[in-house]
Amino acid sequence: MSQPSIVVAALYEIHPDDREEFLTHVRNDIGHTRAKDGCIWYDVAESVVEPNVFRLTEGWESREHLDAHIASEVFQATIAAVSKLHIVRRVATIYNVVGSESADVEGMEDVSS
């Protein structure tokens with residue numbers, strides 16, 4: 001897997017009544033996003049300690065790839081649909097990655113190779 005130059009970290013807290021509809025939109029968007037040129041990864045995880053809190057993370061080859069994704073019809077339609085839901089909290093941050101290193105923690109060796 002290549003290293004991203006752009007990482008997006010977003011947090012959504014969704015009202016419980018809109019949870020399933022939010023997940024439907026996110027599941028649809030994941031397939032489209034992962035298939036896009038320049039997308040290294042895109043994943044969603046629900047907090048195990050905060051119900052209805054979801055963290056979305058994306059890795060992109062470049063800012064141009066991310067911008068193309070943001071401008072796409074599918075993404076804009078997803079944002080429009082999700083914006084109609086009761087969002088309790090939303091925070092999104094775009095990080096420019098200038099380098100990375102492996103986390104070398106005893107007992108947590110890389111088993112991917």
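Me: How many helices and strands does the protein have?
Reply: Quick note before we count: this is a predicted model, where local features need pLDDT of at least 70, side-chain atom pairs count only at pLDDT 80 or more, and totals for chains, interfaces and linings use all residues. Residues are numbered from 1 along each chain as its sequence is written, and side-chain values use heavy atoms, leaving out hydrogens and water. Helices (H or I, at least four residues) and strands (E, at least two) are DSSP runs, numbered from the N terminus. Along the sequence they follow β-α-β-β-α-α-β, and the count is 3 helices and 4 strands.

Me: Which strands are the edge strands of the sheet?
Reply: Two strands pair if DSSP finds at least two bridges between them. The open sheet runs in the order S2-S3-S1-S4, with antiparallel pairing. An edge strand here pairs on one side only, and that picks out S2 and S4 (87–96).

Me: Which residue of S4 is the bridge partner of Tyr 12?
Reply: S1 and S4 pair in the antiparallel sense over 9 bridges. In S4, the partner of Tyr 12 is Arg 90.

Me: At about what angle does H1 run to S2?
Reply: Axes are lines fitted to C-alpha atoms, for helices over the stretch in contact (heavy atoms within 4.5 Å). Angles run from 0 to 180 degrees between N-to-C directions. H1 lies across S1, S2 and S3, and its angle to S2 is about 165 degrees.

Me: Are H2 and H3 parallel, antiparallel, perpendicular or oblique to each other?
Reply: The axes of H2 (residues 63–71) and H3 (residues 73–83) come within 5 Å and cross at roughly 60 degrees. Their contact involves His 69, Ile 70 and Ala 71 of H2, plus Glu 73, Phe 75 and Gln 76 of H3. Angles under 35 degrees count as roughly parallel, over 145 as roughly antiparallel, 65 to 115 as roughly perpendicular and the rest as oblique. So H2 and H3 are oblique.
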